[in-house]
Structure formats: structure tokens, C-alpha cells
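Hi there,

Here is the structure I promised to pass on.

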Amino acid sequence: MKRNAILKGCVGVAVKKDAPKIIVQGGSRLSGELSVQGAKNSILPLLSATVLCQGESVLHNCPNLSDADAACRILNCLGCKCARDGNTVSVNSKEVLNTDVPKDLMREMRSSIVFLGAILGRTRQCKLTFPGGCELGPRPIDLHVSALRKMGVSIDEEGGFLSCSAPKGIQGANISLTLPSVGATENIILAAVTASGTTEIQNAAREPEIIDLAEFLNKCGAKISGAGTGTVVIEGVEQLGGAEHTVIADRIVAATYLCCAAVTRGELVLKNVNHGHLSAILPVLEQMGCSIYTYNENQLYINAAKLLSAPHKIITSAHPGFPTDAQPMFMALASTLKGTTVFVETIFDNRFRHAHELGRLGAKISVNDRVAVVEGVPRLVGAELEASDLRGGAALVTAALFADKTSTITGISHIERGYDDITGSLQKIGATIQLTMNN
């Protein structure tokens, strides 16, 4: 579902009377080429970072996602001028007139909390509610709050609101995170780039999206070093200007399409993909028996035509480990392979919600707390399914491509948060899949 217009207004997306659904007729072998969209987990902090820029910024390779739309509406609410032309978004942040983020927009996406550091960095005050997004268990923002307090920010929490101010300015500080939180690392960086003095983050998140954010901010005049390592150093500068930047490819979307190709025992060429960002994913696919070739810096080929077998164990962990966001799609794939796979989830408490829905298709999955045991079966049968979160929804699509007969997937607003026209992309490579409206 494409969104291609000037993005205005300060209200959330209205609930549609006729909610869309995805219908999948399984059994088609996928084959062809796809170009991977820009990264959801990059574009959101990048859009928030434009608040710091006293000028115009241009972001290319911006995916058409409901989360990106919500971020653009937040920017407009703040007084920025945000517009989209295809996959390019321009943001003029010469004036920031408002420091409050509407609660309905905050609740649309979990990553909305990243606006906290950016607004504080620009205006020294901010008021917002606790964020929304997928319900994957507790994801407290205490790391964000405690770090900002060390930087001289006064934060009052009451009635679900955070009221923040730094009347004496934001001060550089030495911050050691108890865990390498991506969101906390991003918020600290955003608040620190225009702070007084130097900020050092120990045990910082090392995800590629952190590097992408730092590269954009450095183009704008920031002084950030060490992004992508466990120690990030930010030397505060007086102000930032605008810049032009191309968003990195979405490694989780790439992983999704690789799983879709593998589950149908097909072959696929992926373009606009960073091989290094998939360093924890590709070896697992090869262990299953897939043939993978990387070439031309940003392309790779997968062939899953031969007999595949289940990997023994997949354990999620912070980057550069196996990403928790890829776990649901790999569970869907493992459900169709000979053998047993044990999944151990170390990031979120409630990351196996898709297991029950996969069971409706005939998958054999037993869950005990953060461990799931998947016994592969030779056949799945289409069913009526409901997506309860973003990546769980992608897992249902993946499994439905393998299943006999037809599957109907509802709750696809979750999927639209992270995938730019997933049905159209899969149609291009031979899937019998369509997006339709309920009657």
C-alpha cells in the first residue's frame, strides 16, 4: 500500500472501516530478483535526527511504511516541513515551534521514543507519552531516562507522560549502559551532539543502524566516533546544518525474502543489500543446505532447490549475533524442514506469539518461556491467521507460501509498519498472493 504525498497533520491514522487482509495460495516456487527497501530501523532515528538540523535535510531510499508516515507527522507537529516524493523525504527544520508530541502518534510506534533525545537536543525541553508499537513484552525506557538525567536533563514521570527540560543546557557525560540498547544509544547520541562537552557511551549498541545515524549526523556537522563499536564518543558542537543521505538497506526485510525463497525451495537474487549486515543470518541458511553467493558488493543469490534440513539451535542476541527480528521468519522456515530446531530468545519476553498461529497451519512448536522447540513437518495446510506483531506477521506470510491451499492473514497493519508493499514484492517473484479488503 503506497503512500506518496506531502505529509501533513498531527493526528494518527484513522481506523479503516474495511480492514485489509492478505490472501496467500501456497505451493508456488519463488524465483526472480528483488531490490531491498530502506531500513525501517534506520529511517525512524534519521527522521528524528532532522529535528536537530537548522536547515533542510534530504533522505533517499526512504521506505513507504506506516511508521515512517507517523514519524513525518510528528515532525510536522513540531513545526518542521516534511514532504515525500517517491522514496525521497525532505525535512526543513529551520523552525521548531512545538516541543510536545501528540500521544496518538507516540502510541503508533515503539521507536517514537527516539524523538526525546532529538527534541531535547534542539530545544532543551520536551513532553511526550510512553510509546506504543508491538507488544513483545517489557521494553522499559529506564536506560534512556537515567542516561539523560546524567546529562543534566530534569525528567518528571506522571500519568504516562514524560516532562523533560534542561534549562542549564545538556552536559556531556560518561554513560555505561547495563545492556546494549539500540534505542538508548540512539537517544544519547541525539541529545549529545549539541551538548556542552564530550559524551562517551560504554556498552553501546553496535547495530548497522547506529552507524547509519552517526554517518548522517556527521554529515550535518556532528563529531561522532566509534559508532558500530562498544564505545561511542560524541564531542558536542554548537549547532547542526542539513545534509543529504541515503538510508541503508533493511537487513530484516532481506532476511524475510531469503526465508520466503528458502521455504518455497526457490531461488532469488537480492539487490541493494549489505552482505556484512547479514553475517549472522547467511551461515544459518547455508547450514540448512541453501547455496548462497555474494557478488557486486550489494547483491546476493540464494538457491534452496536441494533437500534442506533443520539447524540444531538458533539463539538470538544483540548485534553482531542472530537478530531477534529475524527469529519469527526462521521459525516459520524451520517448521517445514526435516529435523528439530531449538530457538532461544534472549532479547524479549514475549517473542513467540506467532508460534500459536503457525500451529494453525499444522506446525509443531512447543514453547516454554523463552525457548521454543520446532519439529519440522512435511506439510502445512492453509488457515485463517492473525498477525499480532510486525515480524510475527511476516512469519505467517512466510509459512503460508509453503502451505497447501489458501491462507488468509488479518491484522496486517502490523506488517505495514515494516514492509513496503510485501505482497507486490512477492508477486514479482512468483507468489500467488494478494492484498484485499474485507467485505
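**What I found**

Thr-199 has Ile-234, in E12, as its bridge partner. Helices (H or I, at least four residues) and strands (E, at least two) are DSSP runs, numbered from the N terminus.

Before going further, a word on the source: this is a predicted model, where local features need pLDDT of at least 70 and side-chain atom pairs count only at pLDDT 80 or more, while totals for chains, interfaces and linings use all residues. Residues are numbered from 1 along each chain as its sequence is written, and side-chain values use heavy atoms, with hydrogens and water left out.

**The sheet**

Strand E10 (residues 198-202) and strand E12 (residues 231-235) run antiparallel and are joined by five bridges. Both belong to an open sheet of four strands, in the order E9-E10-E12-E11, with mixed pairing. Its edge strands are E9 (174-176) and E11 (223-225), each pairing on one side only; two strands pair if DSSP finds at least two bridges between them. From one strand to the next, the twist averages 15 degrees.

**Helix H6**

H6 lies across E9, E10, E11 and E12 and runs at about 170 degrees to E10. Such angles run from 0 to 180 degrees between N-to-C directions, with axes as lines fitted to C-alpha atoms, for helices over the stretch in contact. The helix spans residues 182-192, and nine of its 11 residues are buried (under 20% relative accessible area; exposed is over 50%, partly exposed in between, with a 1.4 Å probe and protein chains only).

Asn-187 is a residue of H6, and it counts as buried because its relative accessibility is 1%. Its side chain makes a polar contact with the side chain of His-144 at 2.9 Å (a pair of N or O atoms within 3.5 Å; within protein, one must be able to donate a hydrogen and the other to accept it, and residues adjacent in sequence count only if both atoms are side-chain atoms). Leaving aside residues up to four places away in sequence, Asn-187 touches Ile-113, Val-114, Leu-116, Gly-117 and His-144, contact meaning heavy atoms within 4.5 Å.

**Confidence**

The protein averages a pLDDT of 92, which is the predictor's confidence in each residue, from 0 to 100. Over residues 1-6, pLDDT stays under 50, and over residues 11-17 it is below 50 as well. Where pLDDT is low, the predicted coordinates should not be read in detail.

Best wishes
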